[in-house]
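Thanks for coming. I have one structure to go through today, and I will keep to what can be read from the coordinates.

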Amino acid sequence: MDSHMMINESLLNTTNFAEFDNSIDCCGDYNLDSVPASGCYNQYDDSPCEMNPRQNTSSTYAGVSRIPRGAARPRQGPSPRQGLSPRNYSFVPVFHERTSKEDDTLLTDNLWKLARKTGTLNLANKGMARVPERLYDINEADADSKKANLEKLSINEADAWWNQMPLNNLDLSSNSLTNLSPKIENLITLTVLQLHDNALVELPPQIGKLEKLVRLNLSHNKLKELPPDLYSLPELRHLNISHNEFVELSPDISNLHMLEFLDAGNNNISSLPGGIGFLVRLTALLLANNHIKELPSDIVYMRSLQKLDLIKNDLIGLPEDMGLLRKLQCLYIQHNDIKELPSFEGNEMLNELHASNNYIEQVPKQLCANLPHLKIFDLRDNKIKQLPDEICLMRNLNRLDVTNNSISVLPVTLSSLAHLISLQVDGNPIKTIRRDILQCGTARILKTLQDRAQTKDRVGGGAEDLPCSSSAAGSDQSMQQQLPANMTDKYKLRHTRTLAVNSQGLSDVPAHIFKVASEEKVHVVDFARNQLSTLPKGLQHMSNLVTELVLAHNVINCVPPFISQFTRITLLNLSNNLIKDLPQEFGLLNTLRELNIANNRFQALPNGLYELQGLEILVASGNQIKALNVAGLQNLPRLNTLDLRDNNIEYIPPILGNLTNITHLELVGNPFRQPRHQILMKGTDTIMSYLRDRIPT
């Protein structure tokens, strides 16, 4: 122990550490000639070994090892002093600035030939700092090909210039490009140019020479402006400049007359230029995550606009004449400072309205009447204190979210929304419905509201004043007298292509109603929540038009054979009726894609159903089905969703696992023992795998 301490002290006092560090070259080899004359210990024993004949054992370093005991044994070889030059361990660091020569090598001969053969070149994710110079000449015939043609030499026909395609699709995304060469103008045949996920700070004006360009993606760069020449591209239809550093859009953007898609989200744009309304072909305008405070008045002239995304801006309101955007289907205005919603008069095609995280205090009654096709209405995290009774006029509403508002009373008219499957009311001070009922979910809440509406109707508690109650139409006789006038509004039928009358207690529908609807080319028929005992005979007048037929929540006990005449139907909803079987002719509905027969009285899936070659979704939950006909299900090659919850199925045949086309299977609520409930909860893949493992071999 004392000897070791003496050695360490000697090292600390006398060792020249700089000299020692320099004795090791960059590759980890020991340069023995630079080590002062000293003894070293053999790594296999403690005896000194002589490594240099000129070492002086009487030196201060005598007996001290200069190489750690655990180090690898140094290689012994000739030293520079014996007449040989030292080794050169030159290398290229992993992280270094790419040179032009390195970038040029990325465009290999194989990629070159493939691009000239297909017209597509993919150089994405190559780490390029510059575009290979050779690329700009790709549309020129190479010298070998020309020479072979002139001298009529035998060459590979596939490589001949006359069999090559001009470059039309170029992908340079996910690289490190900071600029493009003006030679980009040589690629005049380009229709698609992908430059996203680079470090571009500017574009050359010559990009305006790409007159055939249809799609240009510049997202995720560092651009602050676009060259004016770009706005003259005559065929540009898709432009993505999201995730850049734009503070404004140039007024010249209105010159892109063919533009159909514009994504300028995730920039620092504070206003939109006047004249943007001239983009009359635009179908999608995405401006999320900017600082826009107001929309220009001419934005309503975008008559083709279908999707408008204004999430996370600084908007305080919307134009009153939003209704001029008659083709608008999806509107996203979450996370703004909006206090009031317009009436949306004219926006009858609007399907989704997302207005969460604003300061909205009320829902206009007129809005409810003007949006008959609205399916998703998101109002969570606002300041709403009351929902109007007119909410029931949104007859197609599927999802209503009013989470985290100040609503204390839910209108009973919500129960008349036949298609409402999701009602979110958490975070409201609702006092008229018990907390345990609210926690049970949408179905229980709607049932409670429906019971209260019926109670009001019986005791005359003012239900006749509700906009959607059957009492509002007076007696059955007066209702029948008024009904044709309400249902034959040709203007609404023509513009909505929908005939919808819900919760009116109808037991039949006059034939001439369907004739008028047929003349106006109506293709959606919805008579949910009425008292129909069968399909109205007059419905046959629309057999060649109807694509969606909804007759849920009636008292239908039989389906007539003329259902087979509906040659264009894709969706049929017969749920919540009294049906026990379907006619054999039902199998002739070759266009049917979705069938809902839930909550009826079926004891088995009808035989005609197994002939529906195009069926993709089958919902048969809540019946009395006792067994599965897997052989019949095998005849449905497109079936991907099968819902058989809450039936009387006692046995699941293992061969059901072979139906790999089924991606969503629901079996909960049946009395079978296998698969166990724990297996069912793990999802379709686990269920199907479980069944396949039990197929007898």
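First, how to read the values. This is a predicted model, in which local features need pLDDT of at least 70, side-chain atom pairs count only at pLDDT 80 or more, and totals for chains, interfaces and linings use all residues. Residues are numbered from 1 along each chain as its sequence is written, and side-chain values use heavy atoms, with hydrogens and water left out.

The protein has 14 helices and 23 strands. Helices (H or I, at least four residues) and strands (E, at least two) are DSSP runs, numbered from the N terminus. Of the 697 residues, 46% are buried. Buried is under 20% relative accessible area, exposed is over 50%, and partly exposed is in between, with a 1.4 Å probe and protein chains only. Taking contacts between residues at least 6 apart in sequence, 39% join residues at least 24 apart; contact here is heavy atoms within 4.5 Å.

Now the sheet. Eight strands form an open sheet with parallel pairing, in the order β16-β17-β18-β19-β20-β21-β22-β23. Two strands pair if DSSP finds at least two bridges between them. The edges are β16 (498–500) and β23 (664–666); each has a single partner strand, so one side of each is left without a neighbour in the sheet. On average, neighbouring strands of this sheet are turned by 5 degrees against each other, direction ignored. That angle is taken between N-to-C directions of lines fitted to C-alpha atoms, on a scale from 0 to 180 degrees.

Two helices next. In α4 (residues 109–118), the buried residues are W112, A115 and R116. Seen down the axis of α4, they fall within an arc of 95 degrees, so they line one face of the helix. The arc is that of the directions from the helix axis to the C-beta atoms. What do the buried residues of α4 pack against? They pack against β3 (120–122). After α4 comes G119, with a positive phi near 80 degrees. In α11 (residues 511–519), the buried residues are I513, F514, V516, A517 and S518. K521 follows α11, and its phi is positive, near 60 degrees.

On to the nonpolar cores. A core here is a set of buried Ala, Val, Leu, Ile, Met, Phe, Trp, Tyr and Cys residues joined through side-chain atoms within 4.5 Å. The largest has 103 residues, and L331, F344, F377, L400 and L410 touch the most other members. Elements giving two or more residues to this core are α4, α6 (365–370), α7 (435–439) and α8 (442–459). Which of them gives the most? α8 does, with four residues. Beyond its neighbours within four places in sequence, L410 is in contact with L387, V425, I430, T432, I433, I445 and L449. Another core lies apart from this one; it has 64 residues, including I513, F586, L639 and L642.

Cysteines are brief. Searching the whole structure finds zero disulfides, a disulfide being a pair of cysteine sulfur atoms within 2.5 Å. For C368, the nearest cysteine sulfur is that of C392, 8.2 Å away. C368 is buried, with a relative accessible area of 0%. C330 also counts as buried, at 15%.

Finally, some loop residues. N428 is in the loop between β15 (422–424) and α7. Is N428 buried or exposed? At 14% relative accessibility, N428 counts as buried. Leaving aside neighbours within four places in sequence, N428 is in contact with V402, T403, N404, N405, S406 and I407. K385 is 43 residues away along the chain from N428, and their C-alpha atoms are separated by 9.1 Å.

Most residues other than glycine have a negative phi, and most peptide bonds are trans. D381, in the loop between β13 (376–378) and β14 (399–401), has a positive phi near 55 degrees. D381 is partly exposed, at 25%. N599 also has a positive phi, near 55 degrees, and is in the loop between β20 (594–596) and β21 (617–619). At 37%, N599 is partly exposed. Lastly, the peptide bond from Q674 to P675 is cis, with omega near 0 degrees, and P675 is in the loop between β23 and α13 (677–680).
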